[in-house]
Amino acid sequence: MDKKQKPKIDLKALGRVIGILTKTFPVQLTLVVICIIVSALVGVVPAVFTERLATIILDGLQTGWDAAFEALIRLLIPVIGLYLLGLLASTLQAQIMARVTQGFLHTLRTRMFDRMQELPVSYFDTHDHGDIMSYYTNDVDTLRQLVSQTLPHLLSSGLVVFFLLCAMIYFSIPLMLVVLVGVFAMAQVTRTVGGKSAKYFMRQQKSLAKTEGFVEELIHGQKVVKVFCHEKQTQEDFDRVNGELFTDMEKANRFGNIFGPILMNIGNILYVLMAFAGGLLITTGGKIPNLSLQNLFTTGAIAGALTIPVVTSYLNMVKQFTSNINQVSQQINSVAMAMAGAGRVLDLLEQAPEADEGDVTLVNCREKNGSLQECSERTGHWAWKVPGTGLVPLRGDVRFHNVDFSYVPGKPVLHDISLYAKPGQKLAFVGATGAGKTTITNLINRFYDISEGTITYDGIDISRIRKADLRHSLGVVLQEVNLFTGTVMDNIRYGRLDATDEECIRAAKLANAHDFITRLPDGYDTMLTGNGANLSQGQRQLISIAQAAVADPPVMILDEATSSIDTRTEFLVQQGMDALMENRTVFVIAHRLSTVRNSNAIMVLDHGRIIERGDHEELLAQKGVYYGLCTGAFEME
C-alpha cells in the first residue's frame with residue numbers, strides 16, 4: 001500500500017458512531033457512564049485499602065492487636081460496602097449495554113437497508129454484491145464489539161488510570177516521577193507497535209470483504225466453472241485472494257500479539273524500579289540527594305513522609321496502573337478494526353440517494369361528464385397529474401428526441417437516438433451485444449438519466465415525472481429472473497401487492513404459466529427457495545412474465561424475456577405475450593428474430609447508433625444489416 005494512503009484511525013467515523021449511540025439511547029448511556037464511574041472509583045479502593053491495612057498492621061505490632069482489630073473492622077465494613085456497590089454498578093452496566101448494543105445494531109442495519117432502497121441502480125452496478133453483504137456481517141460485527149466491549153473498556157480503564165494518577169500524586173510526587181518514565185516508554189511502544197498493528201487490522205477488514213465477495217461470486221457461478229473446467233484457475237485465484245487476507249491478518253495479529261507482552265514487561269520493570277525507589281527513599285528518610293527542590297520531595301505532596309505502607313500501596317497502584325494502561329493500548333486494535341468497518345458502513349449511509357425532482361404524479365381516474373376526474377380507489381384507468389395543467393391521460397406514448405448518454409463522462413454509449421412508440425405499438429431493438437439495446441430501456445425507467453436530449457412520456461418530459469410513479473406505469477421482464485422465498489402465488493403477486501388470487505391466476509394463464517403451476521406439488525402454494533431453484537429456467541421466466549402481467553401496466557419492456565425458454569414454450573409464451581401486449585406500448589429486446597417479426601417498428605443498433613429502422617418486411621427489402629441477420633450473413637454476437 002502506498003505510504004500516502006497509510007490507514008489511520010478515523011476519529012470522525014468514531015464520532016459519528018458515538019453520535020448515533022447518544023442520540024438513540026441518551027438515558028441508557030447516561031446510566032452506563034455513571035455505572036462505569038462508580039466501578040472505576042471502586043477500582044482504586046485496593047490502593048487506599050492496602051495503605052490503611054499496612055498501617056493498621058504496623059500499629060498492631062507496636063501497640064497491641066485489640067485496637068488494631070477494631071480499626072480493621074472499621075476499615076473492612078465500608079470497603080465491603082464499596083465492593084458491593086461496584087458489583088451492582090458492573091451488573092447494571094452489563095445489562096444495559098446488552099440492550100444498547102443490540103438496539104444500536106438494529107438501528108444501524110435498518111438505516112443501512114433503508115438507504116440501500118434509496119440508492120440508484122448505478123450503485124449496485126458498480127459495487128460487488130459480496131462486498132455489500134460484508135457491510136451487514138463483518139463490518140457490523142466489528143461495531144458490535146466496539147459498542148459492547150471496546151468503548152466501555154476504554155472509558156473504564158481510562159477513568160481508573162486517571163483516578164490512580166490522582167491517588168499516586170497524593171501519596172508521593174517523587175515516586176510519581178518514576179511512573180511517568182514508564183508511561184513515556186509505554187506511549188512510545190503504543191505509537192510504534194500499536195500503530196503498525198492498527199494499520200494491518202484495517203487492511204484485514206478490507207481484505208476480508210474482498211475475499212467474501214470473491215467467494216459469493218464463485219458460488220453463484222459454480223456451474224460455469226464446472227462447464228469450462230476452470231477449477232484449477234479458480235483455485236489459484238482464490239489462493240491469491242486468500243493469501244492477501246492471510247498476509248494482512250498474520251501481520252495484524254503478529255503486532256497485536258507482541259503488543260501486550262511488551263507493555264506487560266515494561267510494567268513489571270516499572271514495578272521493580274518503583275520498589276527500588278520506594279525502598280531508597282524510606283532508607284534515606286524521604287530525602288532525595290543532590291536535588292535543589294529537596295524540600296518539595298522530602299514528604300508526600302499532602303500525605304506526609306514516605307512510609308512502608310505508602311510504598312506498599314504505591315506498588316499495588318503501579319501494578320493496577322500498568323495493567324489498565326495495557327488494556328487501553330490493547331483496545332487500539334479493536335478500535336482500528338471497528339473504524340475500518342464503521343468507515344465502510346458510514347460510506348454506505350452517506351451515499352447520495354437517488355435524485356428525484358419530479359412533480360408529476362400518477363393517479364387513478366375515471367371519465368365523468370366528458371372530463372377526467374381523480375379517484376382515490378383503484379379504477380384500472382390512470383392519468384398524469386401535471387401541476388398547472390391538470391390530468392393528462394396515461395396512454396403510453398414514449399418518444400426519444402436526440403438522446404445522448406454516457407455511463408462515464410466523455411465515453412458516450414448512445415449517440416443521437418430519436419424514436420417514437422405510439423400507444424399500442426410494439427417497438428423492437430436488435431443488434432450485437434453492447435450495441436445499447438438495454439441501455440435505451442434503462443433510460444425509459446430512469447435507472448440512469450440522459451446526458452443530452454429529451455425523453456417524453458405522453459408529451460411530458462420524464463425528468464418531470466416522479467420516479468416511483470414512472471416505474472409504476474412500466475412493466476419490466478428481465479433476462480435474469482429473480483424470485484424470492486415464498487409461494488408461487490406470492491412471487492406472482494410481487495408484480496402488484498394488492499392483487500387478488502384470482503387476478504394472479506388470470507395473469508399466470510395469460511403468460512401460459514398456469515398449466516405447469518397446477519402440476520407442482522402444492523400448485524400455487526408451492527414454496528420457492530433459493531431463487532426458485534426447484535423450477536426450470538423456463539418456468540422461472542414464465543413466473544416473471546406473470547408478475548408483469550398482474551401489474552397490468554400500459555407500457556411493457558421485455559429484455560430478452562424469452563431467451564431462456566425452449567422453442568415450444570416460446571410459442572406458448574408468445575401467444576400469452578400477444579394478449580398481454582394488446583393496447584399496450586411494448587419495447588422488446590431479443591436475439592431471437594422470431595420474437596420481433598410482428599413488431600410495428602424494428603430498430604437495428606450498432607455502437608450506440610440506430611443504423612436501420614422499419615418493420616420486418618421493409619428491413620428485409622433494404623437488404624442491409626437486418627437482412628444479413630435474418631439470412632445468417634451476420635450474427636448478433
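I started at Asp141, which counts as partly exposed at 36% relative accessibility. The model I am reading is predicted.

*Entry 1: Asp141 and its partner.* Which residue does Asp141 form a salt bridge with? I found Arg144, with the closest N and O atoms 2.9 Å apart. I then looked up the relative accessible area of Arg144. The value is 26%, so Arg144 is partly exposed, falling between the 20% and 50% cut-offs. Next I checked where the pair sits. Asp141 and Arg144 both lie in helix H5, which covers residues 129-171. They are 3 residues apart there, which means a separation of about one helical turn. An α-helix has 3.6 residues a turn, so residues three or four places apart point the same way. Side chains of opposite charge can pair when their charged atoms come close.

*Entry 2: Arg115 and Glu118.* I moved to helix H3, residues 65-118. Arg115 and Glu118 are 3 residues apart in H3, so about one helical turn separates them. Their side chains meet in a salt bridge, at 2.9 Å from N to O. How accessible is Glu118? I read a relative accessible area of 37%, which makes Glu118 partly exposed.

*Entry 3: Arg399 and Asp397.* Here I noted a salt bridge of 2.7 Å, N to O, between the two side chains. Is Asp397 buried or exposed? Asp397 is buried, with a relative accessible area of 8%. Arg399 is partly exposed, at 26%.

*Entry 4: a network, and the total.* I traced Glu354, Lys467 and Arg471 and found them linked in a network of salt bridges. I then looked up the count for the model: 17 salt bridges.

*Entry 5: helix H16.* I turned to H16, residues 537-551, with 15 residues. How far does H16 reach from its first C-alpha to its last? The span is 22 Å, close to the 21 Å expected at 1.5 Å a residue. I then checked burial. Of the 15 residues of H16, 12 are buried, so the helix is largely enclosed by the rest of the structure. I listed some of these buried residues, among them Gly538, Leu542, Ile543, Ile545 and Val550. The buried set also includes Arg540, Gln541 and Gln547. Ser544 is buried as well, as are Ala546, Ala548 and Ala549. Asp552 follows H16, and its phi is positive, near 55°.

Notes:
Residues numbered from 1 in each chain as written. Predicted model: local features only at pLDDT ≥ 70, side-chain atom pairs only at ≥ 80, totals over all residues. Heavy atoms only, no water. Salt bridge = Lys/Arg side-chain N within 4 Å of Asp/Glu carboxyl O. Helix = DSSP H or I, 4+ residues; strand = E, 2+ residues; numbered from the N terminus. Buried < 20%, exposed > 50% of the residue type's maximum accessible area, 1.4 Å probe, protein only. Expected span 1.5 Å × (residues − 1).
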